[in-house]
Amino acid sequence: MLDVRRLHMLKTVAARGSIAAAAQSLGLTAGAVSQQLSALRHDVGVDLLRPDGRTVALTEAGRVLLEHADRILAAVDEAESALAAVKGTVGATATLAALPSTVARIVAPALTALGSDHPQLAVTCLVTDQAQLRELTLGTVDVVLGQQYHHLPDTAPRGVEVAPLLDDPLVVVTAAGRGDGRPVALRELATHSLTLPPPTTECGQAVLHACQQAGFTPAARYVTADIAAQLTLARAGLATALVPRTAIDPAAPGILTAPIGDRPILRLLFAATRRTETANPTHTAVVAALRAAARSES
């Protein structure tokens with residue numbers, strides 16, 4: 001009989017590209033993962049992995065087994081959700097992955113509310129700039145607070161349920177006293193000294209796309225994905241920044257924010273979970289808290 005844990009290890013190795021990387025994400029040693037995969041190979045009687053340079057790749061048999069493993073693991077997740085729903089109570093643990101720009105005004109209020117409403121629930125929060133939707137399918141996290149800029153295609157993988165939370169516009173940030181807070185036409189920024197995120201980031205791509213639609217290509221004086229650094233440069237009067245509204249403390253001194261009046265740049269904040277027929281009460285509670293925090297920002 002196939003061991004579900006070993007199937008999960010095979011799926012993780014296929015996603016990570018190496019046994020070492022899979023072991024790190026699973027909190028195991030590479031030797032332990034190798035041992036379990038060797039046992040899985042013995043169970044099925046055929047090689048599942050082959051060397052591919054410095055990584056490993058699935059054999060044809062490995063690809064076939066992985067297709068079935070996806071369905072088996074999804075069924076196990078479904079069963080766990082159904083049992084949790086029968087108990088009808090929020091569990092003891094959950095893992096949330098969130099973007100740094102969402103922590104102050106959405107994640108922190110949500111976790112505070114969860115602590116009050118469900119004191120038995122301990123939420124581990126992973127704050128990272130890296131996209132975490134794939135981690136949902138690997139079971140590394142339970143809920144993802146992510147973003148999707150409106151001009152970019154939907155990239156949610158199969159088996160992921162996405163719940164929209166908030167349309168979060170980018171705002172123009174300058175030093176206090178450099179304006180009056182009235183809406184700014186995007187084209188006006190063509191003459192500004194700008195601090196922008198790298199064009200390889202989603203936000204950088206969104207800004208570049210919007211500016212080109214407005215008739216110019218932005219020339220960044222400073223390039224950084226660190227929003228705190230962008231705000232510091234703006235506060236010092238060295239640059240104009242374009243920053244998501246919810247990433248800014250409304251009481252922050254020394255800066256002035258203004259909306260983009262003609263070509264708004266919007267990111268959709270969403271909560272994502274693994275798709276199951278029966279909602280898991282714990283995951284539902286986390287999403288509900290994120291939704292309530294986002295609603296207060298609308």
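1. A polar contact is a pair of N or O atoms within 3.5 Å; within protein, one atom must be able to donate a hydrogen and the other to accept it, and residues adjacent in sequence count only if both atoms are side-chain atoms. One example involves Thr29, where a polar atom of the side chain lies 3.0 Å from the backbone nitrogen of Ala32.

2. The model is a predicted one, in which local features need pLDDT of at least 70 and side-chain atom pairs count only at pLDDT 80 or more, while totals for chains, interfaces and linings use all residues. Residues are numbered from 1 along each chain as its sequence is written, and side-chain values use heavy atoms, with hydrogens and water left out.

3. Thr29 is found in the loop between α2 (19-26) and α3 (30-44); helices (H or I, at least four residues) and strands (E, at least two) are DSSP runs, numbered from the N terminus. At 52% relative accessibility, Thr29 is classed as exposed. Here buried means under 20% relative accessible area, exposed over 50%, and partly exposed in between (1.4 Å probe, protein chains only).

4. A nonpolar core is a set of buried Ala, Val, Leu, Ile, Met, Phe, Trp, Tyr and Cys residues joined through side-chain atoms within 4.5 Å. The largest such core has 22 residues, of which Ile106, Leu145, Leu165, Val286 and Leu290 touch the most other members. Two or more residues come from each of β3 (93-98), α5 (103-117), β5 (143-149), β6 (160-175), β11 (266-274) and α9 (281-295). Helix α9 gives the largest share, seven residues. Apart from this core lies another, of 19 residues, including Val207 and Ile265.

5. Which residues does Leu145 contact, leaving aside its neighbours within four places in sequence? Among them are Leu96, Ile106, Leu165, Phe270 and Leu290, where contact means heavy atoms within 4.5 Å.

6. Asp168 is placed in strand β6. Is this residue buried or exposed? Asp168 is buried, because its relative accessible area is 0%. Its side chain is joined to that of Thr246 by a polar contact of 2.6 Å. Leaving aside neighbours within four places in sequence, the contacts of Asp168 include Pro244, Arg245 and Ile265.

7. His283 belongs to helix α9 and is likewise buried, with a relative accessible area of 14%. Not counting residues up to four places away in sequence, His283 touches Asp142, Val143, Thr273 and Arg274.
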